[in-house]
Amino acid sequence: MNLKTLSALAVVTSLASASSALAQDAAAGKTSFNKCLACHAIGEGAKNKVGPELNGLDGRHSGSAPDYNYSDANKNSGITWNKETFLEYIKDPKAKIPGTKMAFAGIKNENEANNLWAYVSSFDKDGKQK
């Protein structure tokens with residue numbers, strides 16, 4: 001094989017591996033989401049529970065899920081959810097938003113938190129996976 005062919009093959013292989021890694025992260029995140037299921041729902045037909053439904057979380061303003069009674073701390077936090085903010089929050093919710101109603105100790109493991117974000121952020125506002 002010549003150098004151009006090898007280079008192209010390397011790029012294609014890298015892209016396939018990256019795509020596969022993302023799928024694995026979301027799959028692992030789905031397992032981690034079991035910790036959230038007692039309070040949160042996600043996916044088509046998700047409804048608010050003790051906590052708000054999490055469809056379309058990426059880019060959503062904190063305290064804005066319809067028909068959920070948020071704490072003032074959450075409504076007034078000024079947060080727009082994205083990966084960075086979520087990863088800070090999920091480590092210690094009460095430290096990120098003092099006064100939040102969320103009674104969860106957090107997920108300290110960075111890999112698990114990243115996998116959870118991969119899963120949660122894969123749902124659009126209608127609960128369909130992107």
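## Salt bridges

Lys-125 pairs with Asp-126 in a salt bridge, their closest N and O atoms lying 3.7 Å apart; the term denotes a side-chain nitrogen of Lys or Arg within 4 Å of a carboxyl oxygen of Asp or Glu. Lys-125 is exposed, at 67% relative accessible area, and Asp-126 is partly exposed, at 45%. Here buried means under 20% relative accessible area, exposed over 50%, and partly exposed in between (1.4 Å probe, protein chains only). The model is predicted: local features need pLDDT of at least 70, side-chain atom pairs count only at pLDDT 80 or more, and totals for chains, interfaces and linings use all residues. Residues are numbered from 1 along each chain as its sequence is written, and side-chain values use heavy atoms, with hydrogens and water left out.

The count of salt bridges comes to 5. One of them joins Glu-112 and Lys-35, with 2.8 Å between the closest N and O atoms. This pair links distant parts of the chain, 77 residues apart: Glu-112 is in helix H5 and Lys-35 in the loop between H1 and H2. Glu-112 is buried at 18% relative accessible area, whereas Lys-35 is partly exposed at 49%. Helices are DSSP runs (H or I, at least four residues), numbered from the N terminus.

Another salt bridge connects the side chains of Lys-75 and Asp-72 at 3.6 Å, N to O. Both residues belong to helix H2 and sit 3 residues apart, about one turn of the helix. Lys-75 is partly exposed at 43% relative accessibility, and Asp-72 is exposed at 53%.

## Nonpolar core

The largest nonpolar core has 19 residues, and those with the most contacts inside it include Phe-33, Trp-81, Phe-86 and Leu-116. Such a core is a set of buried Ala, Val, Leu, Ile, Met, Phe, Trp, Tyr and Cys residues joined through side-chain atoms within 4.5 Å. Helix H5 (110-120) and helix H3 (83-91) are the elements that give two or more residues to this core; H5 gives the most, with 5 residues.

Leu-116 touches Gly-29, Ser-32, Phe-33, Cys-36, Phe-86, Ile-90 and Ile-107, leaving aside residues up to four places away in sequence. Contact means heavy atoms within 4.5 Å.

The whole structure has 0 disulfides, a disulfide being a pair of cysteine sulfur atoms within 2.5 Å. The sulfur of Cys-39 is 8.6 Å from the closest cysteine sulfur, in Cys-36, too far for a bond. Cys-36 is buried at 11% relative accessible area, while Cys-39 is partly exposed at 32%.

Ala-38 lies in the loop between helix H1 (3-32) and helix H2 (72-75) and is exposed, at 63% relative accessibility. Its C-alpha is 8.1 Å from that of Lys-49, 11 residues apart in sequence.
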